[in-house]
Amino acid sequence: MKFLLSAIAIFVSSLLTAQEDLYDLAFNDTVKKLSTVTIIVKPQTPERMHEIQNNAIFSGKKNEVIRLANINGSLSTNNAREVFSKVPGVSIWENEGSGIQLNIGVRGLSPNRSWELNTRQNGYDISSDVFGYPEAYYNPPMEAVEEIQLVRGGASLQYGSQFGGMINYVLKRETDKPFSFESQNTVGSYGLMSSYNAIGGTKNKFSYYIYNHSRSGNGWRENSGYEVRNSHAYFAYQFNTNTKLSLEYTNMDYEMQQAGGFTDAQFKDNPRQSLRERNWFGTPWNLAALVLDTKLASNLTLNTKLFGLLGERNSVGFTATPNTLDAINTNTNDFANRQVDRDFYKNLGVETRSIYTYKLGKLDQNLAFGARLYRANTIRKQQGKGTTASDFDLEIDGRFSRDLEFQTDNMSFFAENQFKLTDNLSVTPGIRYESIKSSIDGRLGIDNGNDVNVNPENLSRTKFLMGVGVEYRLHKTNFYANFSQAFRPVLFSDITPPATTDVIDENLKDADGFNIDLGYRGNLLGWINFDVSYFYLNYSNRIGTIRKFVNDDPTQNTFLFRTNLGTTVHKGVESFIDLNISKALKVNQQIGDIQFFTSLSFINAEYTDFKTTQISGTAPDIIISEVNLKGNRVENAPRYIHNFGLTWSYRGFSSTLQNRRTGMVYSDANNTEKPSANGVTGKLDGYSVYDLSMEYRFLEKFNVRAGVNNLDNTVYATRRAGGYPGPGILPNDARTFFLSVGVKL
């Protein structure tokens, strides 16, 4: 009864206002759910994974499947507000409208290049280095994506250790015809031009799919133009009904001008202006995978992926804070030299997944198991003295001040077993073993022409993760619960001293903790789809920096010491509910499907213990005092993220109006209220933004899409940056339009 009352209270609150004080009521359950539209064009999304799918077990795990064909939105620019509108608790950084990178996080975790998620494409890793530098500089164009699979913390055993879980972009394939052609061409505000073209087919035992997506625009802000191209080729051969071998290759390249950040005064004065015209960014990216799917026996399947990555991260620009002008020096009659930073990534891995089905009594039991070998190599060249020019020029004068090499070696094994106790009740315990070795070598800086080398370090450790999931089916609904341990590996940045005087703790440990989910989801009365859940995330051994005296002697100088400092706890409610109003009134056959949806998340993310230091006085009378951030809110974690939407689908027409509301956030762990003079720290206000998108399909092959993003022209900001692509406050795009015409033959 208490559980039911909690669910009702959450739904009622969604129909009222989404103010921050409602958050304190929300300590019980909610998430999202599959929706199916009966009659017209757009079956409702998201859905959920099957209990057993893709050689993995999803029973008892919180998960969502977003089918992009069922989304009304600006897919040509990867508009994350619309793509993830029905997935509760997704934070989004919206600092430019190109859609080149998706910056998303969940449950109050940082959205920075989705680095708290294990990011995959077709089941294999696509980030820079899963353990040392897990930033996702690449994501596929949404027009090429069939579905997005998102598994929360329960993914850590089968996919990897990330606290946020796993996100997998599944690309389109053509399985019904020997030849098909698809083209989607879009124009929009501020010079947007986008073209997606694909061919694919299946003939006898052979199948293929090839696409190219090109997009360019001037950007809403000054100095924010971009050009991006994504290409992909897939070939597969079905040897027999049990065995298939496929090969795929993806290439992305882009050049993007970065408009830079603002002080708060500059942001208020004119958020479209730019004080930087010489800042550029680009990440050439190459991915390849060879995949074998086979059935070794009637009750044993095997999926093996051999995958690799060759990529770069290249930036050049004037990186000072926005209260420093990038102006011509009157003495030299030229601009200052820009800074050039370059990374080179080379990764190779192999991963296997199997499902073994056996009987205990009369019921089938399922064992999922697999192994992984992975090596990632990163060459990092930073602080190069670039040119005084304004174009994307990576030439430098002399050597890079910093020239480091990082390497990660990983071996892991996992096993999860779904024990079916009855036809309706299953329990799934699991375990994962990780062996990780991280190393660093190279030059940290140059002092008077002499190399200052980093002390070569090798950090080796093993990790055991455990978890258990429970699922109980009740008619067309089910209860689910999951506990899974997770950890965040020590990153390259954690073991790289920012200055030669800084010291890294030789006993530095990976951050660790666990996720808990308790939820109820399903379908009621044929027109209510829902998923309501409570989550609890413990994030321990967080890494930070404190100041210490040399030899603990107050008469000597101080240095920065990077070590494990404390813990944060994230807890709250996630919910999704979809009401098919016309179906409830039994008029959907006459007027189409009218559906109201809401995804709500209430997030309490706080530091429960985090010791740091403050310094006062001047040498030799320096005083270091210890403080604790206990009770402070976690940076970039809003107290609520709510989405409300109304969709009407009738015959070939479909339209969605949605509203996203997000609470205020702090940009630093100290919870600084007043913005700093340079715009790097300070509170960011909450915001509310509307999007309207529609589609008309006709003659079975053609479509016209159109929409207005940020309908009421709201100006807001979702992040402050300390470096690229800022630093400073980074505004969102205001009102934009798009019009798209497509065909599929």
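Predicted model: local features only at pLDDT ≥ 70, side-chain atom pairs only at ≥ 80, totals over all residues.
The protein chain is built from five helices and 39 strands, and 58% of its 745 residues count as buried.

- Side chains of opposite charge can pair when their charged atoms come close.
- Take Lys-420 and Glu-51: they form a salt bridge, with 3.6 Å between the closest N and O atoms.
- This pair links distant parts of the chain, since Lys-420 sits in strand 20 (residues 402-420) and Glu-51 in the loop between helix 1 (2-15) and strand 1 (52-53), 369 residues apart.
- Are Lys-420 and Glu-51 buried or exposed? Both of them are buried.
- Lys-61 pairs with Glu-416 in another salt bridge, and here the closest N and O atoms are 3.2 Å apart.
- Lys-61 has a relative accessible area of 2%, and because buried means under 20%, it counts as buried.
- Glu-416 is buried too, with a relative accessible area of 3%.

- Glu-434 and Arg-432 form a salt bridge whose closest N and O atoms are 2.7 Å apart.
- Glu-434 comes out at 0% relative accessibility, so it counts as buried.
- Arg-432 has 2% relative accessibility, so it is buried as well.

**Overall shape and charge**

- A compact globule with 745 residues would have a radius of gyration near 27 Å, and the protein chain agrees with that at 26 Å.
- Along the principal axes, the C-alpha atoms of the chain fill a box of roughly 80 × 55 × 55 Å.
- Count the contacts in the chain with a separation of 6 or more, and 69% of them come from residues 24 or more positions apart.
- The accessible surface of the chain is about 29600 Å², and carbon and sulfur atoms account for 56% of it.
- How many positive and negative side chains are there? The chain has 77 positive and 77 negative ones, and the centres of the two sets lie 7 Å apart.

- Most residues other than glycine have a negative phi, and most peptide bonds are trans.
- The peptide bond from Tyr-724 to Pro-725 is cis, with omega near 0°.
- You'll find Pro-725 in the loop between strand 37 (717-721) and strand 38 (728-731).
- The peptide bond from Gly-726 to Pro-727 is cis as well, again with omega near 0°.
- Pro-727 also belongs to the loop between strand 37 and strand 38.
- Arg-651 isn't a glycine, yet it has a positive phi of about 50°.
- Look for Arg-651 in the loop between strand 31 (640-650) and strand 32 (653-662).
- With 61% relative accessibility, Arg-651 counts as exposed.
- Leu-699 isn't a glycine either, and its phi is positive at about 55°.
- Leu-699 is in the loop between strand 35 (687-698) and strand 36 (702-709).
- Its relative accessibility is 65%, so Leu-699 counts as exposed.

Definitions and conventions. Residues numbered from 1 in each chain as written. Heavy atoms only, no water. Helix = DSSP H or I, 4+ residues; strand = E, 2+ residues; numbered from the N terminus. Rg over C-alpha atoms; globule rule 2.2 N^0.38 Å. Buried < 20%, exposed > 50% of the residue type's maximum accessible area, 1.4 Å probe, protein only. Contact = heavy atoms within 4.5 Å. Areas by Shrake-Rupley, 256 points an atom, 1.4 Å probe, with all protein chains shown as cover. Lys, Arg positive; Asp, Glu negative; His and termini not counted. Charge placed at Lys NZ, Arg CZ, Asp CG, Glu CD. Salt bridge = Lys/Arg side-chain N within 4 Å of Asp/Glu carboxyl O.
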